[in-house]
Each structure stands twice: as structure tokens, then as C-alpha cells.
Amino acid sequence: MTNFEMDRRKFISTATSAAGGMMLGFHIPAAANAAAIMDEPWMAGEGGQEVNAWLVIDPDNSVTIRVGQSEMGEGVFTGMPMLVAEELQCDWSSVKAVYAEANRNARQTAEPYMVAAGAAKETDGVYQRMSTGGSGAVRRSRLYLSQAGASARERLKQAAANAWGVERSAVSAENGMLSSGSNSSTFGEFAGAAAAISLESEPAIKTPDQYTLLGKSVARLDTPLKVNGAAVYGIDTQVPGMVYAAVEVSPVPGGRLASYDFDAVKDRPGIIAAYRLGEGGIGSLNYNLDEVANRVTGIQSGVAVIADSYYRALTALQLMPKQWDAGEHGNVSDSSIIDSALEVLANPDDSTFNPADSVGDARGVIADASSVLEATYVTPYLEHACMEPMNCTAHVTPDRADIWVGTQNPPRALSVAAEEAGLPEEKVYVHNAFLGTGFGRRLRQDEVRQAAAIAKAHGEPVKVIWTREETTRQGKFRPYSTYHFAASIDADGKPEAYWNRIVSHSIFNHQLPQYLQEGIDGQAVEGLDERLPYHFPNKQVDYAIRDSHLPVHWWRSVGASQNAFAIESFIDELAHAAGADPLEFRLSLMPEDSEFRRPLEVAAKEAGWTADLRRGEGMGIGLAEAFGTISAQVAYVTVSRRGQLRVETIDVAVDCGNVIHPKLVEMQMESSVVFGLTAALYGEIHIRNGVVVDDNFDQYQMLRINEMPEVRTHFALSGGDKWGGVGEPAVPPVAPAVTNAIFAATGKRIRRLPIRNHDLTG
Amino acid sequence: MAFDLNVNGASYTVDAEPETPLLWVIRDSIGLTGTKYGCGIAKCGACTVHIDGKKTFSCTTKVSAAVGKEITTIEGLSEDNSHPLQIAWIEEDVPQCGYCQSGQIMAAAALLEQNPNPSDLNIDTAMSDNICRCGTYSRIRKAIHRAADIAQG
């Protein structure tokens, strides 16, 4: 197995033996081999010439473009190569995509041309931003990916110019061909020479009006692999000699495994070993709520059972006698957490409130007002419910570690694995796979640390899979948040003063306390502080943190995911209190030059906005800005006399500035609506005795095809220099659009999510 | 115990306990990883396969119950993405993350076997066992109609 040691990546098989006695094989289906993306997306082609770190050109003129972002459905395996190919001016049909390597990123800094072009800092890793989150794939890598393509194109032209004895300006590069006068050649023929060229100055990248490829809805490169089972996700990893681990950790975060009896199950078929995890067991960093590093990726106390098949490991784990010590959080429930927060919320003089925004004297005006509208809103904890349960395969030896995982942040996975393996980063290889969704969950790397610890203890490659139940109980949850609003209403129905208090579990306080600013978690007040779309002459926004024992984390659209429900509902309440049309009322609170106006007007127009519907039918508005993009939505719902809700249509207007692939944006709008609607209708994590109880899809309900509304996407693009994200910003407006529509249909105001807890019978 | 299975027309002998879910035998013993684990309790449809042509959740089907039957997984649908559903799925750009799509396509294939020209309501009824967290439902509906058209020429 010398080659195996040299490059283990090449030896991932799709048919291994473990329990079944099948032969080992290193089989890659021929059809997938010829596809634009390998079924194993980390596998690069052989024999091409690297022109720069981002792209390789083969002698047959095919171009392999490396992708630094993670493909979890949003389309980066198509969009990122398009950014490079637009500038390279290669033949799009010859483009293949592979993952960029986190290991190389750890060893190599940005290439000199990229620094010279001003598109990278000298200290950046060669692949710059490899974390996929914050709806940043296009807007935060556009400049350097464009530069990679442009700089390579000019080097190809210079190489041809040198060979042909002409000026570079006399050489054209189009569709993968270089030409000048009677000379003509493929990119592939000059790729080697181009790689050695230095230019005096790097070319400028195109402006959107010069695009020929960007803006077109080309076919996604990954689709052919996703209709025949060929696409390899982390959970599909198969490595020669691999064994399987099933794990169970304290169901109460921070509790501990008091005892377990491996002897009771060790003689079952295929059982190999068991390891105590965390405290008193394996792992270099134990979970501990008191320390930031420990609570972010620290290993929870528990046990892993190793076997020759996953099901044998899982069965033995489940049969094995175990006793748990719940620790100090064994009496906590979701209602005890939220009730405590509501007590704080009800006391405006609580000393832990900090001002997030303050204009004029809102408290004073409200105290003196003759008419005040007040309301309290609550949003629950949520779990990501990634379609692919959490998993990680690891092989840790004294001189090298390999990690196979679908992750949103390969460099972070690499550093966590390096720390756990006790190896320098350059000796750790992370093989990113397709992700069975991420939604933020796969940014955390707690599964990577656990798998690395188990693999280090065991010595052989180990695939760790968490059951759906374990995945949910070990969730890193979207925080709960509570909101109180008060507004004075003058004789004309105008709100002169607005006072909003928020009490929530803070993600920054949990994992990045250095990002708190004078007690304010900027994500927890997103869209509510100075970023509020509405203008009030007097405004006060106060925020207080109340954490619980649950680990919290980013969840698709983060703070905006819940804040928009609260503010957009309260604005709707103000409109009704004023006897005003909710659309006109919103517009009346916006400055004339507000960039929120156009998306709102487009959504309303396309939806045929009207407040004049018969009972049982309603339209509602939701509006939010997140990740540089504004989304306005109008939901149309029907509610039967028996309280049966149907969300019929949602019109989504989006202003993300510019678009590189309209269809991918439409798909993200549809996806965001389903994600937001699932949470609005059903999403709620219950905690009993410190344990998450909604641990599978029988209790943690998901939207299904029979509930799918018609989603209509409308571009309201402002263009210019604006480049907003698209993966998340359309999630926040969904819930308020629907609950405001329910109010219009029934007169019932929903102030606490999810909707399913409310009786809508008329 | 050894069990003889027929998967996608090929014979396999696997060593497993009789109660082992077919899902894990297909994935770990036979090495066909297109069939996915999502919930283990027949509530998400990611593990959908056909047994003797009938839609089946492999996560709650014992391996012992599959002996002597014809098991079809996503890998057995066609050699070359030529099944009408695969063609339609590509043309309609259905998949996003793709994880649930094997199960979606297998569920749709069972539907089209029974009902070559399903209505939206037929589709909703037949496909509501299958969760898609990316929210590709509208495109799934369209693709099933398109596949029905392709199959009928």
C-alpha cells in the first residue's frame, strides 16, 4: 500500500467489504468520470497544466476550475467556475469543477499576481475565503475569482504573442482559442508557457455590461450526478480498512456519561471496541459551557462503539447499558428558558439591557402619549435538520491525518482536526464532499473533532455517523428570541415614538464574545437597530442577553430569520391600529430614497396586492434586508372555517443588486421560502429535563410537497456596485408575510411561532 | 447470517443479522451509496427503493424480508441517466443539495409505473412521504409531468 500512503485520496473506493464480504474496489463510474464534476468532488483530473492555483488547462483544452466554496445545493459548483470562465474566455462546455484543497490553502499564501492586482493580501491563504456562509459565495469571492480568470487569460495571450512575434494586444482569446492574424491555437497548447509568464501589470476585470457568460442560466454542472446516486456525500465515504462508529453523548448538553458496560455487548457480531468520549476518555478538548473554545467544538461526554458495519455498531450502542448524569441543567425546559426571558423583557429597567439604537426620547414620548400600542413576540429554538445527518470519516496516524466530511469550512475542519490529531496543519488533509445541506450547521466542526479523536484512538480509518436523533440532540440551535414593542399613536395614526426591547440567547456571546459591542450582539438585533426599514421620530432599541445550556449557532439567515417576524408583524399591527393599508402604511414610514421601496412595490404589484378580500382569504407582507440583499414578499393564504390554513402563493421580490445566474437565484428564493415556511408553520425545539425531545421527523415536522405554495420570483435589481447574497435573505420575510396574511383572513394575530400551535378556526 | 440478494439484476451474498435494515446492507455491504439514510423511521423517504417494483422504505425493511425479491436502487434505474425521470430531472434543474433526490426519483418512478399520467394531486399524494429540505418541490412536480410526457412520447 505504498501508494495508499502517498495519496490516500486516490484510493477511496465505492465498494468495500466490511460486513458483506464484497471485494475491495476503486471504482469510479465511467459516466461520472466524463462529467463536468467528479462524483467525488475532491478528485482532480490528471495531466493538465496549472496556470494559477484556481485553474488547470488540459492538452485537450478542457479547463478544470477549483472551487473554494462548498456545494450544499446553492450552486457554487456552477456559479464559482462561471466567475473564472467569464474572464478566462474559455469554452464553457469544456469547464470542469473540483474542490480547492484546504491543505494547500494552509501551506500556501496568495499568489503574487493576485496580491499585485489588489485582489488579495499577502497573508491570505491561496484560496482566500473557503468558508461558505453569510450568503457570501458570489459577493465575497467575485473579485479574486474574476482576477484569476483575467490574469490567466492575459498570460495565455502573452505566451501566444511571444511565440508568434506579435504584441499581446494583437492576440485575441475567445471560446478557448487564441488567435492573431493567420495564427490560431488552443489555450491548452499555450498553458505551460502561460504559467511561466510574468506581466508588468495585472488586467482589470470586466464590468457587468461586458459579461457574455455571467447572467446566463447555464445548466448546473452537478445535476447529472444527483439523479443517479453517483454524487458522493460525506456519509458515503468509503476508505479501505474503514470501520464504523456509532456514538451517543450526554442527551443533556454538558451532562456526563456516568457509566457504561461494554462487556454486555462486546461479543455481538462485528463489535471491535468502545471508547469513552470526552471527560475521563478520549479527546483533547472536553465540552464545557464555561469556556468558549470548549463549548464550540469540545467533545461531549459519551461513548463510541466501533464495529465492522454501522448497523452493528449502532445496535450494540443502543443495547449497551449506560447511565447518565444530567448535571446542573437536568431540570431545564424550553418554557422555563423562555419564561425567564419574558420576565426580563417585561421589566424595562432591568440593568442588563443595553441600547442598540437611540433617537430622540421614545420612552418619554410613550410615557406621555394618550394612545400606545404594545405587543410581545416570541420565536423558539430551531434545529437545522440537515437532510444528511452529521457524519465524519477520519484516519489519524502519527504523521498524517485525513478527514472526509461535507463541511462549510474546510480550513476550520482542518485546524480542528490538526489540533485533535496533534499534527501541524500541513500534515492534515480535508476531503470535502457534497453536502446534504448545511444551513450553517456544517460550519461548527464539532463532528470533526469527535471523529478525529475516535480515529486517533483507534488507529484505523473510522466513519462516524450520528443517527437522526443524535444529530438533533447534538444540534447547535437557532436561538430563541423575545421582543416587546411599544409605539405611541397620534391622532392621525402616525407612530411618533417606537420602543423595542429584545431578550435572546446570543450566538456571539456563546462562541465569539469578542464580537459583542457594549453588550450588543449585532446579529441578534439585525434589522431592528439603525438598519430598521422604518423611520420613527423617536426610537429606542434595547437588548439583553439571556443564554441557556443549549449550544447555539448560525441558522440560515441568522438573527434576521426571527427579527423580521417580530418587526413586520408589529408594523402590521400599527397599520391596522391606524386604519391604514399595510402596504401604504409601510411606505409612509420610509424615506423617499429608501432602497426598500422598490422591492416592496414590485412584490405588491406582482402579487396583485389588496386588503379587500373576503373572510378566509388574506394577503400579508414581509420585508427584510440581510446579507446585502432586500427581499419583499407577499403571501396569499386561505383559512377554512375549520381552521385549515393553506399558503397558496408567495411573491418574492429580490434586490441583490446584480445576478450572475438568474435560475440559481430563483432556486434559492424557492428554497428560502420552503425553509422559512417550514419554520413558521412547524419549527419549535422542545426541551424537557434538559433534553431536546423533537429528535426526528415524526416530531420535528418538515414542509412536504402537498403543502408547497406557488413561489414566484421577481427581480427588482438596483444594479450598480451592489452585490448582495442570495442564499439566505429570502428566509426572514416568509413568516411575517404568512402570519400577516392569516390576520387579514381571520383577524387572528400570531405573536408566537410556530403557527401550528394556534387555533385558526373561525 | 448469509443472505442472497438480487439488487439491480446482480446477485450478492451478504453477512448480516436478519433484522438489519436493507438500507445499511445496500450502502455498507454492497457499496451502493445512492440510497440515503435520513431518519431511520420511514418519515423522510431518502432511503426509498423498489422491491418487486413497489416503493419501499429500505430503512425499515429487514434484510431477511428482501431475500428472493428484486431490489432496485437509484443506481439500477438506468445505465446512463436515460430514464425519463432522470432526463426530466436534469431538464427541470430539480436537485439542489441532491441528498434526497435518489429517494424522490425512486418514489416518482413507482408513481409513474402505477399512473403514467398523474395529476398534481396524484403527485402530491404519492410524493408527500419524501422530505426535501432544499425545497425543490415545485420543480419535482414539473419534472414528473415532464417525465410522463417523455415516457408517452
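In the predicted model, the side chains of Lys55(B) and Asp129(B) form a salt bridge, with an N to O distance of 2.9 Å. Chain B is divided into domain 1, spanning residues 2-75, and domain 2, spanning residues 84-151. Across the interface of domain 1 of chain B and domain 2 of chain B, one salt bridge is found. Strand S3 (48-51) and strand S4 (54-57) of chain B each contribute at least two residues to the side of domain 1 of chain B that touches domain 2 of chain B. Seven residue pairs, with both residues at pLDDT 80 or more, are in polar contact between domain 1 of chain B and domain 2 of chain B.

The centres of the two domains of chain B, taken over C-alpha atoms, are separated by 21 Å. In terms of contacts, 14 residues of domain 1 of chain B meet 13 residues of domain 2 of chain B. About 1,200 Å² is buried between domain 1 of chain B and domain 2 of chain B, and carbon and sulfur atoms give 60% of this area. On the side of domain 1 of chain B, the residues that lose the most area to domain 2 of chain B are His50(B), Lys55(B) and Ile74(B), which together account for 41% of what that side buries.

Helix H2 of chain B comprises residues 84-91, and its buried residues are Leu85(B), Gln86(B), Ala88(B) and Trp89(B). These residues lie on the same side of H2(B), because the arc that they cover around the axis is only 165°. In an α-helix, residues three or four places apart point the same way, because there are 3.6 residues a turn. The cover over the buried residues of H2(B) includes helix H3 (101-114) and helix H5 (137-151) of chain B. Just after H2(B), a positive phi of about 50° is taken by Asp93(B).

In chain A, His661(A) is located in the loop between strand S24 (645-655) and helix H19 (662-682). His661(A) counts as buried because its relative accessibility is 3%, against a cut-off of under 20%. A polar atom of the His661(A) side chain lies 2.7 Å from the backbone oxygen of Val218(A). When neighbours within four places in sequence are left aside, the residues in contact with His661(A) are Thr78(A), Met82(A), Gly215(A), Lys216(A), Ser217(A) and Val218(A).

Note on methods:
Residues are numbered from 1 along each chain as its sequence is written. Chains are lettered from A and ligands numbered from 1 in the order in which they are written. This is a predicted model: local features need pLDDT of at least 70, side-chain atom pairs count only at pLDDT 80 or more; totals for chains, interfaces and linings use all residues. Side-chain values use heavy atoms; hydrogens and water are left out. Buried means under 20% relative accessible area, exposed over 50%, partly exposed in between (1.4 Å probe, protein chains only). Helices (H or I, at least four residues) and strands (E, at least two) are DSSP runs, numbered from the N terminus. The arc is that of the directions from the helix axis to the C-beta atoms. Contact means heavy atoms within 4.5 Å. Domain bounds come from an automatic or database domain assignment. Buried area is the accessible area (1.4 Å probe) that two parts lose on being put together, summed over both. A salt bridge is a side-chain nitrogen of Lys or Arg within 4 Å of a carboxyl oxygen of Asp or Glu. A polar contact is a pair of N or O atoms within 3.5 Å; within protein, one must be able to donate a hydrogen and the other to accept it, and residues adjacent in sequence count only if both atoms are side-chain atoms.
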